[in-house]
Each structure stands twice: as C-alpha cells, then as structure tokens.
Amino acid sequence: MVTTVDPIPIEYRSLIRYNQEWQALICLKCDGHAAVGRATLGRHLHDAHGLSAKDYKPLIKALDTSGVSPLPSLDDFPNTMLGSDCCQGVQDAWTLDATEF
Ligand SMILES: [Zn+2]
C-alpha cells in the first residue's frame, strides 16, 4: 500500500494533478494532459491558461511546502526514459492516469 498524499490543494485539482509515480505535474487543461515541469509551472499557467500570479501562487506555495519534489523540467527525466518510444509510453501513461480522475 502506498500512502498517497496529494500535494495539490483541492481547489486546483481540476487544473493540475501530481503524478507520484513519475514525480510529474500534469496540466489537465492542456490537450492530452501535458506534463509541466515545476520550474515552468507558473509560466505555463500564466501563458497557456491566463492565470495571474495571484491565482497560481497558492498552488506553487502548497507544492513547495508539501514535501514532494516534482521534476523541475521535462529535461530531468532519467535518461532511460528519453528514448522516443519510451517518452510516448510515458505520455500515454500520464494521459491514462490523469483520465482516471
Ligand atoms: Zn496547461
């Protein structure tokens, strides 16, 4: 049994999801549920979804205080996962996983 602690505040769960297995943040608003690196999360929410800093700041703060360590960017994936087929599989896994919620 894995204890699941969701670092995402409830009011943001329709927007962003944290995938424990991949340690990735997933944007549910993007087509195909795109993974977003921690370092680019604020910019992504601002540029892609028009959120202001005031809107997403509580989310970032909750993430930073929750003790989870989402990958800073997609460049930080382990090398073994960087083959194109692998990446597609990862993308599929994210999409599937995100869809279950
Ligand atoms: Zn997005």
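Residues are numbered from 1 along each chain as its sequence is written. Because the model is predicted, local features need pLDDT of at least 70 and side-chain atom pairs count only at pLDDT 80 or more, whereas totals for chains, interfaces and linings use all residues.

The pLDDT is the predictor's confidence in each residue, from 0 to 100. Its mean over the protein chain is 79, and 70% of the residues reach 70 or more. Over residues 79–87 the pLDDT is below 50, and this stretch has five contacts in the model beyond near neighbours in sequence. Two residues are in contact if their C-beta atoms, placed from the backbone, lie within 7 Å.

Helices (H or I, at least four residues) and strands (E, at least two) are DSSP runs, numbered from the N terminus. Two strands pair if DSSP finds at least two bridges between them. Strand β1 (residues 16–19) pairs with β2 in the antiparallel sense over four bridges, and Arg-17 has Ile-26 as its bridge partner in β2. Four residues separate β1 and β2 in a hairpin, and Gln-23 in the turn has a positive phi of about 50°. Strand β2 is also joined to strand β3 (residues 34–36), by three antiparallel bridges. Here Ile-26 has Ala-35 as its bridge partner in β3.

A residue is buried if 20 or more other C-beta atoms lie within 10 Å of its own, exposed if 12 or fewer, and partly exposed in between; C-beta atoms are placed from the backbone. In a regular strand the side chains alternate between the two faces of the sheet. In β2 (residues 24–27) both faces are covered: Ala-24 and Ile-26 are buried on one side, and Leu-25 and Cys-27 on the other.

Helix α1 (residues 41–49) has Leu-41, His-44 and Leu-45 buried. Seen down the axis of α1, its buried residues fall within an arc of 95°, so they line one face of the helix; the arc is that of the directions from the helix axis to the C-beta atoms. The face turned away from this buried side carries the exposed residues Arg-43 and Asp-47. The cover over the buried residues of α1 includes β2, β3 and α2.

Ala-62 lies in helix α2 (residues 53–65). Ala-62 is partly exposed, because 15 other C-beta atoms lie within 10 Å. Not counting residues up to four places away in sequence, Ala-62 touches Pro-7 and Pro-9. Ala-62 and Pro-7 are 55 residues apart along the chain, yet their C-alpha atoms are separated by 6.7 Å.
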